[in-house]
Amino acid sequence: MINKIKSYVLRQGHMTSAQKRALETLWPHYGLLLSDGKINFKKIFGNNHPVILEIGFGMGQGLLNLAQQNQNYNFLGIEVHRPGVGRLFLDLQKNLISNVRVYKEDAVNVLQTCIEDNSLHRILIFFPDPWPKRRHHKRRLIQASLLLLLYQKLEFQGEVYLATDWQAYANVMLEAFQGVPGFENQSQNDGFIIRPLWRPETKFEMRGKRLGYGVWDLCFKKT
């Protein structure tokens with residue numbers, strides 16, 4: 001059974017008037033609803049390109065860059081925070097990007113309700129909240145129940161890529177994947193991988209590196 005405890009807290013945050021307008025006016029172009037049920041990728045994207053899902057895209061800069069640089073892929077983003085969704089909509093419109101669609105919903109609900117089994121080419125989860133306090137560990141996104149769901153939605157030999165700047169959480173991620181049969185670690189030593197060149201670096205990540213902080217990347221393939 002999937003853990004029903006949410007891995008996020010909905011903070012108000014500052015939302016600009018432009019982001020608010022974008023969320024309202026551009027939703028028909030980029031937004032998808034949980035109530036739509038199972039989605040047909042060919043219908044919503046107009047092609048049969050492989051689909052990459054990013055869970056928790058923040059303000060969307062990384063997702064935007066990936067979509068710009070990979071026009072032969074379709075991208076599905078999930079983010080619960082309104083300012084990030086509004087900002088991404090603005091950037092998609094400005095850059096005439098058509099290969100991105102977005103859910104403003106809980107990721108588990110989207111996966112269970114809207115995504116067909118064996119349909120995703122790749123799943124990206126970059127810098128999820130580590131919830132460092134022990135009493136909050138139950139809120140962590142990466143748990144065995146979620147990984148089983150990701151496995152179900154990936155196509156054969158599809159991959160999950162993750163990154164975190166919290167070493168303890170990186171080890172938890174590694175152990176969680178090792179406990180799910182059918183996922184094969186793509187690291188040569190069954191540990192962490194070198195950051196793929198295609199993965200965008202965030203400003204926060206680059207600042208952390210300058211201060212000497214580490215980042216841990218992982219990749220697991222469905223076999």
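Between domain 1 and domain 2 the count of salt bridges is 0. The tour of this predicted model opens at that boundary and then moves to single residues on either side.

**Stop one: the two domains**

Colour the chain by its domain assignment, with domain 1 covering 17–57 + 69–104 and domain 2 covering 116–222. The centres of the two domains, taken over C-alpha atoms, are separated by 22 Å. Display the residues at the boundary: 11 residues of domain 1 are in contact with 11 residues of domain 2. The area buried between domain 1 and domain 2 is about 1000 Å², and carbon and sulfur atoms give 64% of that area. On the side of domain 1 that touches domain 2, β2 gives the most, with 5 residues. Although salt bridges number 0 here, 4 residue pairs are in polar contact across the interface of domain 1 and domain 2, both residues of each pair being at pLDDT 80 or more.

**Stop two: isoleucine 52 in strand β2**

Select strand β2, residues 51–55, and within the strand isoleucine 52. Is this isoleucine 52 buried or exposed? With a relative accessible area of 5%, isoleucine 52 counts as buried, because buried means under 20%. Show what surrounds the residue next. Beyond neighbours within four places in sequence, isoleucine 52 is in contact with Tyr73, Asn74, Phe75, Leu76, His121, Arg122 and Leu124. Then draw a distance from isoleucine 52 to leucine 154: the two residues are 102 residues apart in sequence, and their C-alpha atoms are 9.8 Å apart in space.

Asparagine 74 belongs to strand β3, residues 74–78. The residue is buried, its relative accessible area being 1%. Which backbone atom does the side chain of asparagine 74 reach? The side chain comes to the backbone oxygen of histidine 49, at 3.4 Å. With neighbours within four places in sequence left aside, the contacts of asparagine 74 are Phe45, Asn47, His49, Pro50, Val51, Ile52 and Asn99.

**Stop four: two residues with positive phi**

Move to the loop between α6 (107–114) and β5 (120–126), where asparagine 118 is placed. Phi of asparagine 118 is near 60°, which is a positive value in a residue other than glycine. A further case is glutamine 157, which is not a glycine either and has a positive phi of about 70°. Asparagine 118 sits in a loop, whereas glutamine 157 is found in strand β6, residues 154–164. Glutamine 157 is partly exposed, with a relative accessible area of 46%.

**Stop five: the cysteines**

Select cysteine 114 and cysteine 219. Cysteine 114 is buried, with a relative accessible area of 0%. Cysteine 219 is buried as well, at 2%. A disulfide is a covalent bond between the sulfur atoms of two cysteines. How many disulfides does the structure hold? The number is 0.

**Stop six: a network of salt bridges**

A search of the whole structure finds 8 salt bridges. For the last stop, select Arg195, Arg199, Glu201, Glu205, Lys209 and Asp217, which are linked in a network of salt bridges.

From lysine 209, continue to glutamate 201. These two residues form a salt bridge in which the closest N and O atoms are 2.7 Å apart. Glutamate 201 is partly exposed, with a relative accessible area of 30%. Lysine 209 counts as partly exposed too, at 40% relative accessibility.

Key
Residues numbered from 1 in each chain as written. Heavy atoms only, no water. Helix = DSSP H or I, 4+ residues; strand = E, 2+ residues; numbered from the N terminus. Buried < 20%, exposed > 50% of the residue type's maximum accessible area, 1.4 Å probe, protein only. Contact = heavy atoms within 4.5 Å. Disulfide = S-S within 2.5 Å. Domains from an automatic or database assignment. Buried area = accessible area lost by both parts, 1.4 Å probe. Salt bridge = Lys/Arg side-chain N within 4 Å of Asp/Glu carboxyl O. Polar contact = N/O pair within 3.5 Å; in protein donor to acceptor, adjacent residues only side chain to side chain.
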